[in-house]
Amino acid sequence: MADRLIIFDTTLRDGEQSPGASMTKEQKLRIAKQLERLRVDVIEAGFAASSNGDFDAVRTIANTVKDSTVCSLARANDKDISRAAEALAGSDNKRIHTFIATSPLHMEKKLRMTPDQVFEQARLAVRFARRFTDNVEFSPEDGYRSEPDFLCRVLEAVIAEGATTINIPDTVGYAVPELYGQFIADLRRRVPNSDKAVWSVHCHNDLGMAVANSLAGVKLGGARQVECTINGLGERAGNCSLEEVVMAVKTRRDFFRLEVGIDTTQIVPASKLVSAITGFPVQPNKAVVGANAFAHASGIHQDGVLKARDTYEIMRAEDVGWTANKIVLGKLSGRNAFKQRVQELGIPVDSEAELNAAFAKFKELADRKAEIFDEDIQALFSDESVTPHDEHFKLISLAQRSETGERPHARVVLAIGGKEVASEADGNGPVDASLKAIESQVGSGSELLLYSVNAITTGTESQGEVTVRLARAGRIVNGVGADPDIIAASVKAYLNALNKLYTTTERLNPQTSLAP
Ligand code: KIV
Ligand code: ZN
């Protein structure tokens, strides 16, 4: 029997640290439910001690998710650990993940602690965490840049105190595969009680090697847990991508000889959900979940695939959850047909009110677009006006004019806090004119960091999905909007981002607010 590789997803904790990716409790819960459907072994739901909002999110997920272990991060102190334990109390299947930095640089400059103090704090933290659960993970932060003798001493002590998982983070993405794999192997060989714990890898992608490093940690180092995120989401260049690791291990089972418990058909739905909620688009050529990952443009490839699929395909698109753009519903489809398709797609609907709001949006869309695909239905549920939130800025109407040789002009009518206002502006293009018209009314003074448009399905009838990223006073938010008219989609995305900037609903972003 092949060994089992544990998949530990940290989209909701480490992934959420990406600029603008902060989520509300409801959004985190939706992603957690999808991760459970994906059958990840462990969901790191957040960092309970970081804020009341994140505490609440971890608690809600712990009380809801049954089939995956739910985990909270905690610094190596009693206060953080108690808070994590309290948030996880409702779960029968919980883990506390405690960490402290062990590299000379982090200990001296960040923690201002001596190695002996760090050693003692790590040991006591694991001892304390074991009071609440026998499933305790310990991470030496910046572990890969730590001094091996000291690290071995710390790891031996925390295993003796009852840590059941030892995770070795490459916090700054400095490792290269062979060296990282060897590093894990050396630690396992040198720590006398290493066989009492599962060894885990946690790699950041600063040099584009997070997946390769993680796989080397597994193959060469003997790690049996990989920490990863959907779409490789994470701050800076991101974390190790779940879909790539899982499909590498599955597709090259001949080499890795490991089992993973993931339901791979849920990978693409998970990718789309995370992208829509966080406003981080997936690059088209991204392995497994990119729009082009299974597209064969060259004539030679197309010919080969038609004759025998495996000439150019090593995985099947449907095995990772891609569905052909199937026409599923249309203008005449009723509420029951809509509800059934939503259920078949596994979209979590929390209330009849939410379903009704989505159905009303579906009807509006079906009036303008003859064929409604699964992707359109997914996008309807990513539209935040369907899920409860503060909508201070609302689009009432949009008119714009652009003609060859003329400067484009837009007129936008908004409801701001319930009061209708109209504004007009010229711009370089119709999108520019529309966003300028909004700004002339709102005066947010925010800086536009990103504007991107993607087609949700194929063909010119497709809805455009727009992402904008705004920054103001040190805060970064992403907004997403979908519409068959890409100028309307742009306006919706911009208003969605403004609503986040002005919202009173707490958006969680665990670690950014914390001092070490
Ligand atoms: O990258 C890192 O070091 C982490 C730890 C907190 C596990 O995310
Ligand atoms: Zn990390």
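**Side-chain contacts, step by step**

Modeller: The structure holds 11 aromatic pairs, and please keep in mind from the start that this is a predicted model.

Biologist: Take Phe47 and Phe99, then: how are their rings set against each other?

Modeller: The ring centres of Phe47 and Phe99 are 6.3 Å apart and the planes make an angle of 75 degrees, so this pair is edge-to-face; the reason is that planes over 60 degrees apart are put in that class.

Biologist: And which parts of the chain do Phe47 and Phe99 tie together?

Modeller: Phe47 is in the loop between β3 (42–46) and α2 (52–64), while Phe99 belongs to strand β5 (residues 94–101), so the pair ties together parts that lie 52 residues apart in sequence.

Biologist: What about Tyr144 and Phe183, what do they form?

Modeller: Tyr144 and Phe183 form an aromatic pair that is edge-to-face, with 5.1 Å from centre to centre and 75 degrees between the planes. This pair links distant parts of the chain, since Tyr144 sits in the loop between β6 (136–141) and α6 (148–160) and Phe183 in helix α7 (residues 177–190), 39 residues apart. Tyr144 is buried, at a relative accessible area of 14%, and Phe183 is buried as well, at 12%.

Biologist: Which residues are in the cluster that ring pairs link?

Modeller: The cluster is made of Tyr144, Tyr174, Tyr180 and Phe183, which are linked by ring pairs.

Biologist: Staying with rings, where does the charged end of Arg153 sit?

Modeller: It sits over the ring of Phe119, with 4.2 Å to the ring centre. In a further case, the charged end of Arg469 is placed over the ring of Phe280, 4.4 Å from the centre of that ring.

Biologist: New topic, the metal: what coordinates the zinc ion (ligand 2)?

Modeller: The zinc ion (ligand 2) is coordinated by Asp14 through OD, and by His202 and His204 through NE2, at 2.0 to 2.1 Å. Along the chain, the donors of this zinc ion follow the spacing D-x187-H-x1-H.

Biologist: Where in the chain are Asp14 and His204?

Modeller: Asp14 is in the loop between β2 (6–9) and α1 (25–37), whereas His204 is in the loop between β8 (198–203) and α8 (210–219), so that distant parts of the chain, 190 residues apart, are linked. Asp14 is buried, with a relative accessible area of 3%, and His204 is buried, with a relative accessible area of 5%.

Biologist: OK, on to charges: how many salt bridges are there?

Modeller: The count comes to 34 salt bridges. In one of them the side chains of Asp54 and Lys28 meet, at 2.7 Å from N to O. Asp54 lies in helix α2 and Lys28 in helix α1, so the pair ties together parts that are 26 residues apart in sequence.

Biologist: Are those two buried or exposed?

Modeller: Asp54 counts as buried, at 0% relative accessibility, and Lys28 likewise counts as buried at 0%.

Biologist: And what does Asp56 form with Arg59?

Modeller: Asp56 forms a salt bridge with Arg59, in which the closest N and O atoms are 3.0 Å apart. Both residues lie in helix α2 and are 3 residues apart, about one turn of the helix. Asp56 is partly exposed, with a relative accessible area of 25%, and Arg59 is partly exposed at 35%.

Biologist: Which residues are linked in a network of salt bridges?

Modeller: Glu120, Arg123, Arg127 and Glu161 are linked in such a network.

Biologist: Last topic, the surface: which residues form the nonpolar patch?

Modeller: Leu448, Tyr451, Val453 and Ile486 form a nonpolar patch on the surface, and together they have about 310 Å² of accessible area. The largest share of the patch, 3 residues, comes from strand β16 (residues 447–455). Val453 lies in that strand and is partly exposed, with a relative accessible area of 37%.

Methods:
Residues are numbered from 1 along each chain as its sequence is written. Chains are lettered from A and ligands numbered from 1 in the order in which they are written. This is a predicted model: local features need pLDDT of at least 70, side-chain atom pairs count only at pLDDT 80 or more; totals for chains, interfaces and linings use all residues. Side-chain values use heavy atoms; hydrogens and water are left out. Rings of Phe, Tyr and Trp (its six-membered ring) pair if their centres lie within 6.5 Å; planes under 30 degrees apart count as stacked, over 60 as edge-to-face and the rest as tilted. Helices (H or I, at least four residues) and strands (E, at least two) are DSSP runs, numbered from the N terminus. Buried means under 20% relative accessible area, exposed over 50%, partly exposed in between (1.4 Å probe, protein chains only). A charge sits over a ring if NZ of Lys or CZ of Arg is within 6 Å of the ring centre and within 35 degrees of the ring normal. Donors are N, O and S atoms within 2.8 Å of the metal (3.2 Å for Na, K and Ca); water is not among the atoms, so sites may look incomplete. Patches are made of residues with over 30% relative accessible area and no salt bridge: like charges are joined within 9 Å, nonpolar side chains (Val, Leu, Ile, Met, Phe, Trp, Tyr) within 5 Å. Accessible areas come from the Shrake-Rupley method with a 1.4 Å probe; for residues, only the protein chains shown count as cover. A salt bridge is a side-chain nitrogen of Lys or Arg within 4 Å of a carboxyl oxygen of Asp or Glu.
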